[in-house]
Amino acid sequence: MFKAIMFAAALATAGAGAVYAQATGGTSGGTSGTTMGPGAGSSMRGLNATGAMTGAPAQMMTTLPQHATAVSNWYDQNVYDQQENKLGEIKDMLLDREGKVQAVIVSVGGFLGMGEKDVAVAFDAVTPTQRENKFWLAMNVNKDQLRAAPGFRYDRSKQAWTVASRD
């Protein structure tokens with residue numbers, strides 16, 4: 001639970017920066033296909049050489065964005081195929097410099113954490129639906145396609161996802 005709360009707080013912070021940039025007309029360019037991680041070529045807020053915060057002050061919101069969904073509806077949630085077979089679980093979400101989710105990391109295969117493989121899937125490939133009054137995530141893919149996809153691993157020293165080595 002604590003992990004989910006911290007993930008939601010981190011995602012909300014990233015999204016707040018994007019909302020502020022849009023409100024002030026600011027932009028931060030970027031290229032697709034780059035390694036995602038803190039400060040990966042970005043000019044976003046951070047600490048300067050003296051350790052002081054840089055960037056504009058945080059803006060408090062008086063209303064919530066329309067049609068927004070909570071990160072907890074996605075993070076650590078199961079993903080199913082079109083026949084309602086469990087494919088895996090969303091382990092992470094990758095945001096671009098504007099704060100938009102570009103990809104999700106789905107953990108597939110394995111049993112009790114053994115033999116799992118983390119694959120990247122385009123965010124648009126995951127379809128949220130309501131079934132039996134429950135939030136439900138589905139993809140038009142099968143387990144074999146996910147198992148054949150390239151694997152990724154999280155490199156804590158780089159704070160970024162990288163291509164997993166083949167064993």
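This is a predicted model: local features need pLDDT of at least 70, side-chain atom pairs count only at pLDDT 80 or more; totals for chains, interfaces and linings use all residues.

Reply: Residues are numbered from 1 along each chain as its sequence is written, and side-chain values use heavy atoms, with hydrogens and water left out.

Me: Which residues touch the most other members of the largest nonpolar core?

Reply: A nonpolar core is a set of buried Ala, Val, Leu, Ile, Met, Phe, Trp, Tyr and Cys residues joined through side-chain atoms within 4.5 Å, where buried means under 20% relative accessible area, exposed over 50% and partly exposed in between, with a 1.4 Å probe and protein chains only. The largest one has 20 residues, and those that touch the most other members are Ile90, Val121, Met139 and Leu146.

Me: Is Trp74 buried or exposed?

Reply: Trp74 forms an aromatic pair with Phe123 (ring centres within 6.5 Å, using the six-membered ring of Trp; planes under 30 degrees apart are stacked, over 60 edge-to-face, the rest tilted). This pair is tilted, at 4.8 Å centre to centre and 35° between the planes. Phe123 is partly exposed at 23% relative accessibility, whereas Trp74, at 4%, is buried.

Me: What kind of pair do Tyr154 and Trp161 form?

Reply: Tyr154 is partly exposed at 35% relative accessibility, while Trp161 is buried at 13%. Their ring centres lie 5.6 Å apart and their planes stand at 70°, so the pair is edge-to-face.
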